[in-house]
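Open the model in your viewer and keep the selection tool handy. We'll hop from one stop to the next, and at each one I'll tell you what to pick.

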Amino acid sequence: MQGIISFPFIFLKFWYLEAPLNILRFFASLNKAFLEVFSLTLMIKTFFKPWKNEYRQGLVGFSIFMGIAIKSLFIFADLFLFICLIVLEIKFFFVFLMLPIIAFVIPFINL
């Protein structure tokens with residue numbers, strides 16, 4: 001009998017304390033993996049270095065310019081994808097938090 005009475009509190013503790021912390025940990029590891037896979041930090045660190053490490057006489061200036069141009073495109077694309085990922089994570093997190101409330105309120109809405 002004690003378990004039945006405490007079930008709503010156990011559920012609320014899980015849904016609003018334990019699960020969000022685990023979701024945030026998962027999102028942090030997902031973001032870290034995303035940055036590693038798409039090499040955003042490496043592109044920023046090596047922004048002014050020649051593309052493909054081309055150091056031949058007469059090609060260094062062109063290689064540096066080409067590296068800046070190509071890395072700029074990659075950085076903008078990576079940032080766009082990363083922002084989309086962050087937005088999706090935020091939406092998922094808030095939908096997850098609102099799901100029990102929505103499930104409770106929907107039966108009382110007159111359609």
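**Stop one: the aromatic cluster**

Start by selecting F11, F14, W15, F26, F27, F92 and F96, which form one aromatic cluster. Before zooming in, a word on what you're looking at: this is a predicted model, where local features need pLDDT of at least 70 and side-chain atom pairs count only at pLDDT 80 or more, while totals for chains, interfaces and linings use all residues. Residues are numbered from 1 along each chain as its sequence is written, and side-chain values use heavy atoms, with hydrogens and water left out.

How many aromatic pairs does a search of the whole structure find? It turns up eleven. Rings of Phe, Tyr and Trp (for Trp, its six-membered ring) pair if their centres lie within 6.5 Å; planes under 30 degrees apart count as stacked, over 60 as edge-to-face, and the rest as tilted.

W15 and F96 are stacked, 4.3 Å centre to centre and 10° between the planes. This pair links distant parts of the chain, with W15 in helix 1 and F96 in helix 3, 81 residues apart. (Helices are DSSP runs of H or I, at least four residues, numbered from the N terminus.)

Buried means under 20% relative accessible area, exposed over 50%, and partly exposed in between, using a 1.4 Å probe and protein chains only. W15 is buried because its relative accessible area is 14%, and F96 is buried at 15%. F14, at 39%, counts as partly exposed.

Pick F26 next, in helix 1. At 49% relative accessibility, F26 is partly exposed. Draw a C-alpha to C-alpha distance from F26 to K52: these two are 26 residues apart in sequence and 34 Å apart in space.

**Stop two: along helix 1**

Select N31, also in helix 1, which covers residues 2–37. Is N31 buried or exposed? N31 counts as buried, because its relative accessibility is 15%. Leaving out residues up to four places away in sequence, N31 touches F82, L85, I86 and E89; contact here means heavy atoms within 4.5 Å.

Now go for K13 and E18. They form a salt bridge, with the closest N and O atoms 3.6 Å apart. The rule asks for a side-chain nitrogen of Lys or Arg within 4 Å of a carboxyl oxygen of Asp or Glu, and by it the count comes to one salt bridge. E18 is partly exposed at 35%, and K13 is partly exposed at 46%.

**Stop three: the loop**

Click on S39, in the loop between helix 1 and helix 2 (40–45). Check its backbone: phi of S39 is near 55°, a positive value in a residue other than glycine. S39 is partly exposed, at 25% relative accessibility.

**Last stop: helix 3**

Select residues 60–105 and you have helix 3, with 46 residues. Helix 3 reaches 65 Å from its first C-alpha to its last, close to the 68 Å expected at 1.5 Å a residue; that expected span is 1.5 Å times one less than the number of residues.

Where does helix 3 bend? Look at L99, where the bend is about 45°, and then at P100, a proline that follows within four residues. The bend at a residue is the angle between axes fitted to the seven residues ending there and the seven starting there.

Conventions
Helix = DSSP H or I, 4+ residues; strand = E, 2+ residues; numbered from the N terminus.
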